[in-house]
Amino acid sequence: MRTVLTGRRKWVTAGVLGAALVAAAPVAFAASPESDDSAARAAAASGDRTQEVRQAIQGGAARNVILFIGDGMGQSEITSARNYERGAAGRLAMDELPLTGDYTTYAVEKGNPAKPDYVTDSAASGTGWATGTKTYNGAISVDAYGNPVPTLLELAKRGGLRTGDVTTSEVQDATPAVLGAHVVDRDCKGPDETTKKCAQNAKENGGAGSISEQLVQTRPDVLLGGGAKYFDQKATAGQFKGKPVLDQAKAAGYDVVTTSDDLAKARPGKPLLGLFAPGNLPVNWVGPKAVQGGTAPSRCTPNPALPKTQPKLAEQTRKALQLLDDRRGKGFFLQVEGASIDKQDHAADPCGQIGETIDFDAAVAAGLAYARSHADTLVVVTADHGHTSQIVSNDAKSPGQTATLVTNEGANMTLNYGTALPGSSMEHTGTQVRIAAYGPQAANVVGLTNQTDLFGTVKRALRLR
Ligand SMILES: [Zn+2]
């Protein structure tokens, strides 16, 4: 019979493998290192898992919380990444979390929180899990009327915990932004955009400023991702008027790094700002984009334009954990986002999307490895909303755009993108998505919950007020 312990051992394997696969990804297709496991899974599981599930349920408090957000990572995105990389009977690191459920992700109308908007964006959904408040699409931790609401990261800081916010997108993008900024429109990433689109938040009007400036003012201990170009914009008012936002970050004590090597050298003691690209980080894999009528069966290949100096999300995660870990302190809250699963789904680019899901999964493996040796850590892996891609029959005559990939186990897999016309961006979907957890309070993700309930789960686990 499998036990929780064997489950945990698998996580370590997945962690090591995840890192190795990403380093060499995409792998040539051959027998997967996990094929023994897959063969076992091909037969029906016969063990009674009652005791295993019972042991996974722990109440009480957590010292640390690691929250993983796969942007746009619905069940189809997870399944297609698993099929491609590990095989239909294989398992990703994120599949090994012992307690799972679904949560609903809807937004509400601006100025009318009683009326649902069934398809959310990352800003409204992020505000939901970060603050417990439903809001309108585009809102960054403000309620349906535009009023700021406190976030998990802010509450954790106030409680004396260390905090981290890590992403593969611009750090000003919706998911990282909702933890440390409050603006009425997600586009207000730098002072220039804020003057144009978020007048009430603009510094020259007495507001707290752009997302970049507010992130610096909130001052998480670790802030990693892209978006360097917004730190070059100049402040419009206050002490730093006329100076680049980066000056504000340095004045707040941040060490600023821009490469994988510099990241590796970072040491505890000062807050760390990693800006690894002007905008979003380039993606890991490339391949055929979906087209009407389909593509020839193809393999994904490494992105030749990926800068060698760009750290993987798993590297960012391991460094964040190293810097936030403090046995004498009060613990930490860390958010890690795989942002471009969503962006490649919008672009109907299956290899881009799967490569980012695998890269995200390696970060999850790093988080689980940490939690395994720090038993008081709650790990949550979820998405912010559903997305377009569907796995369809290889001979489907779809009115949408399709691409066929040859998976690592040598089978053809066809993905369909059918929520927008060719040439325009694919749309999010309003489906409920998976939420999985391990550690204290993990039982609160079981069954069907609401995205806003995650705020309460993390708050309770960390005893935040
Ligand atoms: Zn999106």
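This short report walks through the overall build of a predicted model and then turns to one of its strands.

## The big picture

Let's start with the whole chain. The protein contains 16 helices and 18 strands. Its radius of gyration comes out at 21 Å, close to the 23 Å that the globule rule gives for 465 residues, so the protein is as compact as a globular protein of that length. If you boxed up the C-alpha atoms along the principal axes, you'd need roughly 65 × 50 × 50 Å.

## Inside the fold

How much of the protein is buried? Of its 465 residues, 55% fall into that group. The contacts also tell you something about how the chain is folded up.

## A closer look at β17

Now zoom in on strand β17, which covers residues 433-438. This strand is mostly covered, with six of its six residues buried.

Which strands pair with β17? One of them is β2, made of residues 99-104, which runs antiparallel to β17 and is joined to it over five bridges. To find this pairing in the structure, look for Thr 100, which stands opposite Ala 436 of β17.

Strand β13, residues 377-383, is antiparallel to β17 as well, and four bridges join the two. Here you can look for Val 380, whose bridge partner in β17 is Ala 437. As a general point to keep in mind while you look, side chains in a regular strand alternate between the two faces of the sheet.

Methods:
Residues numbered from 1 in each chain as written. Predicted model: local features only at pLDDT ≥ 70, side-chain atom pairs only at ≥ 80, totals over all residues. Rg over C-alpha atoms; globule rule 2.2 N^0.38 Å. Buried ≥ 20, exposed ≤ 12 C-beta atoms within 10 Å, placed from the backbone. Pairing = 2+ DSSP bridges.
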